[in-house]
Amino acid sequence: MLMTKQRRPAIRTLRGWAINVLNEAGAVRECEEHGWMQDRADPQARERAFDIARRDPPADVSHQEAEAAVRDVLDSIGDTCPECPSD
């Protein structure tokens with residue numbers, strides 16, 4: 001039986017790759033109404049994202065650079081959508 005590994009989508013930037021990793025790990029979510037990325041504040045999901053960055057960085061990127069990219073993305077997003085009205 002032929003088995004294939006599911007291919008990840010082509011990512012053009014390191015930041016785009018980091019967002020994809022965070023999304024796959026469940027560390028971020030997208031505002032359904034406006035599309036802004038939001039931090040889910042889930043420590044286990046964050047750790048899964050860092051594990052992915054260490055284990056499977058993009059080609060020609062060190063695992064330190066991949067971890068730094070994930071950290072930079074997490075530092076640049078909040079836990080609320082800037083366009084949604086606050087409660």
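In which strand does Gln38 lie? Gln38 lies in strand S2, which covers residues 37-39. This is a predicted model, in which local features need pLDDT of at least 70 and side-chain atom pairs count only at pLDDT 80 or more, while totals for chains, interfaces and linings use all residues. Residues are numbered from 1 along each chain as its sequence is written, and side-chain values use heavy atoms, with hydrogens and water left out.

**Overall build**

- The protein has three helices and two strands, where helices (H or I, at least four residues) and strands (E, at least two) are DSSP runs numbered from the N terminus.
- Along the sequence, these elements follow the pattern α-β-β-α-α.
- Of the 87 residues in the protein, 31% are buried; buried means under 20% relative accessible area, exposed means over 50%, and partly exposed lies in between, for a 1.4 Å probe and protein chains only.
- Among contacts between residues at least 6 apart in sequence, 52% join residues at least 24 apart, a contact being heavy atoms within 4.5 Å.

**Helix H1 against helix H2**

- The axes of helix H1 (residues 14-25) and helix H2 (residues 43-55) come within 8 Å and cross at roughly 130°; axes are lines fitted to C-alpha atoms, for helices over the stretch in contact, and angles run from 0 to 180 degrees between N-to-C directions.
- That angle makes H1 oblique to H2, since angles under 35 degrees count as roughly parallel, over 145 as roughly antiparallel, 65 to 115 as roughly perpendicular and the rest as oblique.
- H1 passes H2 in a right-handed crossing; a crossing is right-handed if the near helix is turned clockwise from the far one by less than a right angle, and left-handed if anticlockwise.
- On the H1 side the contact is made by Trp17, Val21, Leu22 and Ala25, and on the H2 side by Ala45, Arg48, Ala49, Ile52 and Ala53.
- By class, this contact of H1 with H2 has eight nonpolar residues, no polar ones and one charged residue, where Ala, Val, Leu, Ile, Met, Phe, Trp, Tyr, Cys and Pro count as nonpolar, Asp, Glu, Lys and Arg as charged, and the others, Gly among them, as polar.

**Helix H2 against helix H3**

- The axes of H2 and H3 also come within 8 Å, and they cross at roughly 150°, which makes H2 roughly antiparallel to H3.
- The crossing of H2 and H3 is right-handed.
- Arg46, Ala49, Phe50, Ala53 and Arg54 in H2 meet His63, Ala66, Glu67, Val70, Arg71 and Leu74 in H3, and the residues of this contact divide into six nonpolar, one polar and four charged.

**Gln38 and its surroundings**

- Gln38 is buried, with a relative accessible area of 9%.
- Leaving aside residues up to four places away in sequence, Gln38 touches Ala27, Val28, Arg29, Glu30, Cys31, Ile77, Gly78, Asp79, Thr80 and Cys81.
- Thr80, in the segment after helix H3 (63-76), is exposed, with a relative accessible area of 55%; Thr80 and Gln38 are 42 residues apart in sequence and 5.9 Å apart in space, C-alpha to C-alpha.
- Glu30 is found in strand S1 and touches Gly35, Trp36, Met37 and Gln38, again not counting residues up to four places away in sequence.
- The C-alpha atoms of Glu30 and Arg40, 10 residues apart along the chain, are separated by 9.8 Å.

**Cysteines**

- A disulfide is a covalent bond between the sulfur atoms of two cysteines.
- With a disulfide taken as a pair of cysteine sulfur atoms within 2.5 Å, the count comes to zero disulfides.
- Cys31 is in no disulfide, and the nearest cysteine sulfur, that of Cys84, is 3.6 Å away; Cys31 is buried, with a relative accessible area of 8%.
- Cys81 is likewise in no disulfide, the nearest cysteine sulfur being that of Cys31 at 3.7 Å, and Cys81 is buried, with a relative accessible area of 6%.

- Gly26 has its place in the loop between H1 and strand S1 (28-30) and is buried, with a relative accessible area of 17%.
- Gly26 touches Arg40 and Ala45, not counting residues up to four places away in sequence, and its C-alpha atom is separated by 9.0 Å from that of Gln44, 18 residues apart along the chain.
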